[in-house]
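Dear colleague,

Please find below the structure I promised to pass on, followed by some notes on what turned up in it. I would be glad if you read the two side by side.

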Amino acid sequence: MNYQKILEEIKEEIIPFLKKGKVADYIPALAKVEVDDFAMSIIKLDGTEYNIGSCQKLFSIQSISKVFSFTLSLDLYGKDLYKRVGHEPSGNPFNSLIQLEYEKGIPRNPFINAGAIVTTDTLVSKYKQNTFPTILEFIKKVSGCQTINFDQDIYKSELEHGYRNLALINMMKSFNNIENNTNDVIETYFKQCSIMMNTKQLAKSMLFLANHGTIPNTNEAIVTEPQAKRINSLMLTCGHYDASGDFAFHVGLPGKSGVGGGIVAVVPQKMAICVYSPKLNKQGNSLVGTKALELFTTKTNLSIF
Ligand code: DON
């Protein structure tokens, strides 16, 4: 298959969609982006890469970081983690408060904000002040890139405007589902969201999930095979919030989006993909990114279905 040619076709075919959608502005620093930007990277298990567009451009990974924190927490706590965060789609927006009250402070899954805040809390319980460096080191390892860091301005913007996340963490604290100081946890969560990566680095960082939990080129096992299966299935069913069904319907791959405009996707036993385009659909997922992945699985027949 000529993947480079397929990327070139996709870049042409998404042009009409670049007009649609809206960049995230509830975190003001996120609005300062080139709105028509587009990048897409593919990396196969053998390390062969295909890239198009601004694949070196760094953007904040936002909710894609939830895959890394969930992976670390699952590795530490195993099934016990599910006592504090579920594994069902929420059918609600990523920052919704309503369900959390009904369900007594237990978030539906680790990919909505409440669930990610709980997984970060589980990491703070273990790593204390060293939690963010641990998350960052982990990302450096799985992406094979030592220069990755977070963006201070985006971090500060999240801290200043993160009213809903503060509401979520306080509600969960009231239900005794947050073990640590809420400021320590929320600061770590915001820092992980403001980590800057490009599509090449993000695609590479997902390869272990395409390879039963093991980084292909180093052969280092990150999680067990059953755990890799769980992470992928949660990405499929919950990775795009209340658009997860729609993403599975159109794309048919495990995937995770972030309001920075990135989406990662996994083709089991074959490759990992990352696409970037900052304008979002109503559910907060990259509009062009979703379309590009739909075109990819249609052209290649590489959906899991
Ligand atoms: O906490 C927030 O709202 C953001 N830092 C992350 C949300 C996000 O990326 C949702 N994704 N599509």
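Asparagine 165 places a polar side-chain atom 2.8 Å from an oxygen atom of the ligand, a polar contact being a pair of N or O atoms within 3.5 Å. Tyrosine 189 likewise has a polar side-chain atom 2.7 Å from an oxygen atom of the ligand, and in the side chain of serine 63 an N or O atom is 2.5 Å from a ligand oxygen. Of the 340 Å² of accessible area that the ligand has on its own, the protein covers 99% (Shrake-Rupley method, 1.4 Å probe).

This is a predicted model, in which local features need pLDDT of at least 70 and side-chain atom pairs count only at pLDDT 80 or more, while totals for chains, interfaces and linings use all residues. Residues are numbered from 1 along each chain as its sequence is written, and side-chain values use heavy atoms, with hydrogens and water left out.

Around the ligand there are 16 residues, of which Tyr26, Gln62, Ser63, Glu158 and Tyr189 come nearest (near means a heavy atom within 4 Å).

As for the cysteines, the structure holds zero disulfides (a disulfide is a pair of cysteine sulfur atoms within 2.5 Å).

Terms used:
A polar contact is a pair of N or O atoms within 3.5 Å; within protein, one must be able to donate a hydrogen and the other to accept it, and residues adjacent in sequence count only if both atoms are side-chain atoms.
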